[in-house]
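Let's take a walk through this structure together. Keep the sequence and the 3D view at hand as you read.

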Amino acid sequence: MFQVVSGRSAQGARLLAPRGTVLVEAVRGRKSRNDPVAKSKVDRIKVPPPVDPVETVVLKERYSEYKLIMSALRMEFKAEVRRKKWKDKLGSLVEERAKQEDEEHRVLMAWNNEENLRCLKLRLLRVQKETEEKERKKLEAAIQQEQEEQEFIKLKEKEILQLQEDAKNFITLENLDQRIDHALDNPKNYNFAINKRGLVVHQTVLE
């Protein structure tokens with residue numbers, strides 16, 4: 001068993017303790033495992049520090065970039081080491097292979113430039129055709145709108161002329177007496193029956 005002694009009585013305890021006894025000196029300000037929780041910290045709830053979501057997103061993006069860059073550097077260094085080992089092992093064969101790779105790369109770059117130029121010409125031609133097509137559709141829409149406006153104006157003019165023609169038969173204060181005399185001189189009987197074809201089949205006699 002361990003015996004715990006305080007600082008002042010440590011020297012006397014060492015002298016009086018039997019041989020083979022292990023003495024553990026208590027440290028001031030430290031609590032042992034068996035000590036209870038302090039009264040001021042009984043109701044304390046440990047809350048983790050707040051995390052800023054924006055900072056978390058930025059750190060994740062930077063860490064992803066860091067891993068990507070480090071991976072690329074490792075691969076480049078490994079390739080360089082392998083290339084040096086291969087060059088030391090085979091000598092002139094590696095140089096010849098490097099020349100062939102450079103020549104192949106130059107040919108492929110030239111072909112790539114030509115292909116990019118061809119695609120650029122085709123793209124410019126396509127854009128020009130699309131622009132012309134848009135202008136044509138815009139012009140057709142303007143012409144169609146103008147035609148519709150002209151037809152609408154003609155229709156309204158026709159309605160105005162018809163209204164003016166019908167206005168000649170309107171009853172006004174000037175011809176009110178004349179229209180009354182005309183209605184009395186020419187009575188009309190609207191009490192009649194018609195068939196399915198719209199013909200009058202029966203009509204009462206005016207008295």
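**A guided tour**

Lysine 41 has a relative accessible area of 45%, so this residue counts as partly exposed; in this text buried means under 20% relative accessible area, exposed means over 50%, and partly exposed is in between (1.4 Å probe, protein chains only). You'll find lysine 41 in the loop between strand 2 (23–25) and helix 2. Helices (H or I, at least four residues) and strands (E, at least two) are DSSP runs, numbered from the N terminus.

A word about what you're looking at: this is a predicted model, in which local features need pLDDT of at least 70 and side-chain atom pairs count only at pLDDT 80 or more, while totals for chains, interfaces and linings use all residues. Residues are numbered from 1 along each chain as its sequence is written, and side-chain values use heavy atoms, with hydrogens and water left out.

Now step back to the whole chain. The protein chain has four helices and four strands, and reading along the sequence gives the pattern β-α-β-α-α-α-β-β. How much of the protein chain counts as buried? Of its 207 residues, 3% do.

Lys31, Lys41, Arg44 and Lys46 form a positive surface patch. Patches are made of residues with over 30% relative accessible area and no salt bridge, joining like charges within 9 Å and nonpolar side chains (Val, Leu, Ile, Met, Phe, Trp, Tyr) within 5 Å. The place of a charge is taken as NZ of Lys, CZ of Arg, CG of Asp or CD of Glu.

Next along is helix 2 (residues 53–90), where tyrosine 63 and tyrosine 66 are three residues apart and therefore about one helical turn from each other. A search of the whole structure finds one aromatic pair. The ring centres of tyrosine 63 and tyrosine 66 are 6.3 Å apart and the planes meet at 25°, so this pair is stacked. Here is the rule: rings of Phe, Tyr and Trp (its six-membered ring) pair if their centres lie within 6.5 Å, and planes under 30 degrees apart count as stacked, over 60 as edge-to-face and the rest as tilted. Tyrosine 63 is partly exposed because its relative accessibility is 49%, and tyrosine 66, with 48%, is partly exposed too.

Helix 2 also holds a pair of charged residues. Arginine 83 and glutamate 80 join their side chains in a salt bridge, at 2.5 Å from N to O; the term means a side-chain nitrogen of Lys or Arg within 4 Å of a carboxyl oxygen of Asp or Glu. Why are arginine 83 and glutamate 80 separated by about one helical turn? Because they sit three residues apart in helix 2. Arginine 83 is partly exposed at 42%, and so is glutamate 80 at 31%.

In helix 3, arginine 126 and glutamate 130 are four residues apart, which puts about one helical turn between them. Arginine 126 forms a salt bridge with glutamate 130, with 3.4 Å between the closest N and O atoms. Arginine 126 is partly exposed at 44%, and glutamate 130 is partly exposed at 38%.

Arginine 136 and glutamate 133 make another salt bridge, with their closest N and O atoms 2.2 Å apart. Both residues lie in helix 3, three residues apart, about one turn of the helix. Salt bridges with shared partners join Glu133, Arg136 and Glu140 into one network.

Glu146, Glu148, Glu149 and Glu151 form a negative one, and glutamate 151 counts as exposed because its relative accessibility is 54%. The other is nonpolar: Ile171, Leu173, Leu176, Ile180 and Leu184 together have about 540 Å² of accessible area, with areas coming from the Shrake-Rupley method with a 1.4 Å probe, and for residues only the protein chains shown counting as cover. Isoleucine 171 sits in the loop between helix 3 and helix 4 (176–185), and at 55% relative accessibility counts as exposed.

Key: Lys and Arg count as positive and Asp and Glu as negative; His and the chain ends are not counted.
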